[in-house]
Amino acid sequence: MASLLDVAGRIFGELGYHAATTNAIAAGAKVSPATLYQFFPDKEAIANALVARYAMDLAKEERAADTQKLASASLEEAIRQVTGVVIEFHRRHPAFRTLYAEAPLSKDTAEQKRLLVQTFIDIVSKMLSTRNPKLYRQDALWSAEIVHTALIGFLPALAGRKTSDRSRMIDALNQMLARYLEPVLKPPKR
């Protein structure tokens, strides 16, 4: 089953969700369509299983971020570390962005996707609150949500870029996010 999902990830990443077929996935896995259907009744089931797998893997990588290290690093370096986990994951798994945007997900898989987003927001929010203990939780969560939205908006632009262009775009993203967060982290003037 894992190897079928690996092949499906490659096919979805290359062709996109709508153009990918179960026949293409079966051919890529060197199994018959009947064998594929023993594990997955349709393309939607494959997409759901793959998104669930990606969500679990990415959430685990996000949680592995050392929040103490994030708190002691410069703001831009902390942002680079947090966004870097997501950017690198998407680079390694191009199907994730495609499925995230295009696939009609089941209610359970959509909930896993929502929890994945919440994991990222919680990590960034905690980093912000650690840097400014007087920051209201609601403001930390809002700022973290903005960081997530900007990051997700950048991901399509990064796909397929040459390494040098990609690095420049990532630098620009992290600088932009750091500049956005600087006023959030400053103590209020009295």
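Predicted model: local features only at pLDDT ≥ 70, side-chain atom pairs only at ≥ 80, totals over all residues.

Q: Okay, helix H10. How many residues does it have, and how far does it reach?
A: Helix H10 covers residues 163-185 and has 23 residues. From first C-alpha to last, H10 reaches 32 Å. That is close to the 33 Å expected at 1.5 Å a residue.

Q: Which residues of H10 are buried?
A: They are Arg166, Met169, Ile170, Leu173, Asn174, Leu177, Ala178, Leu181, Val184 and Leu185.

Q: And what covers them?
A: The cover includes helix H6 (75-92), helix H8 (107-131) and helix H9 (137-158).

Q: Let's pick leucine 173. Why does it count as buried?
A: Leucine 173 has a relative accessible area of 0%, and buried means under 20%, so leucine 173 is buried. This leucine is found in helix H10.

Q: What does leucine 173 touch, beyond residues up to four places away in sequence?
A: With those set aside, leucine 173 touches Ile87, Ala150, Leu151 and Phe154.

Q: How far is leucine 173 from alanine 52?
A: In sequence, the two are 121 residues apart. In space, they are 27 Å apart, C-alpha to C-alpha.

Q: New topic: the largest nonpolar core. Which residues touch the most other members?
A: That core has 61 residues. Phe12, Ile46, Phe96, Leu99, Val124 and Leu128 touch the most other members.

Q: Which helices supply at least two residues of this core?
A: Helix H1 (2-15), helix H2 (22-29), helix H4 (43-63) and helix H7 (94-102) each do. H6, H8, H9 and H10 each do as well.

Q: What about valine 124? What does it touch?
A: Not counting residues up to four places away in sequence, valine 124 touches Val82, Ala144 and Val147.

Q: Where is serine 125?
A: Serine 125 is found in helix H8.

Q: Buried or exposed?
A: Serine 125 counts as buried, because its relative accessibility is 4% and the limit is under 20%. Not counting residues up to four places away in sequence, serine 125 touches Arg137, Ala140, Leu141 and Ala144.

Q: Now asparagine 132. Where is that?
A: Asparagine 132 sits in the loop between H8 and H9.

Q: What is asparagine 132 in contact with?
A: Leaving aside neighbours within four places in sequence, asparagine 132 is in contact with Val184, Leu185 and Lys186. Val184 and Leu185 are among the buried residues of H10.

Q: On to rings. How many aromatic pairs are there?
A: The count comes to five aromatic pairs. In one of them, phenylalanine 89 and phenylalanine 96 have ring centres 5.7 Å apart and planes at 85°, so the pair is edge-to-face.

Q: How do phenylalanine 96 and tyrosine 100 pair?
A: Their ring centres are 5.4 Å apart and their planes are at 65°, so this pair is edge-to-face. Phenylalanine 96 and tyrosine 100 are four residues apart in helix H7, so about one helical turn separates them. Both phenylalanine 96 and tyrosine 100 are buried.

Q: Which residues form the aromatic cluster?
A: Tyr54, Phe89, Phe96 and Tyr100 form one aromatic cluster.

Note on methods. Residues numbered from 1 in each chain as written. Heavy atoms only, no water. Expected span 1.5 Å × (residues − 1). Buried < 20%, exposed > 50% of the residue type's maximum accessible area, 1.4 Å probe, protein only. Contact = heavy atoms within 4.5 Å. Core = buried A, V, L, I, M, F, W, Y, C linked by side-chain atoms within 4.5 Å. Phe/Tyr/Trp six-rings, centres within 6.5 Å; stacked < 30°, edge-to-face > 60°.
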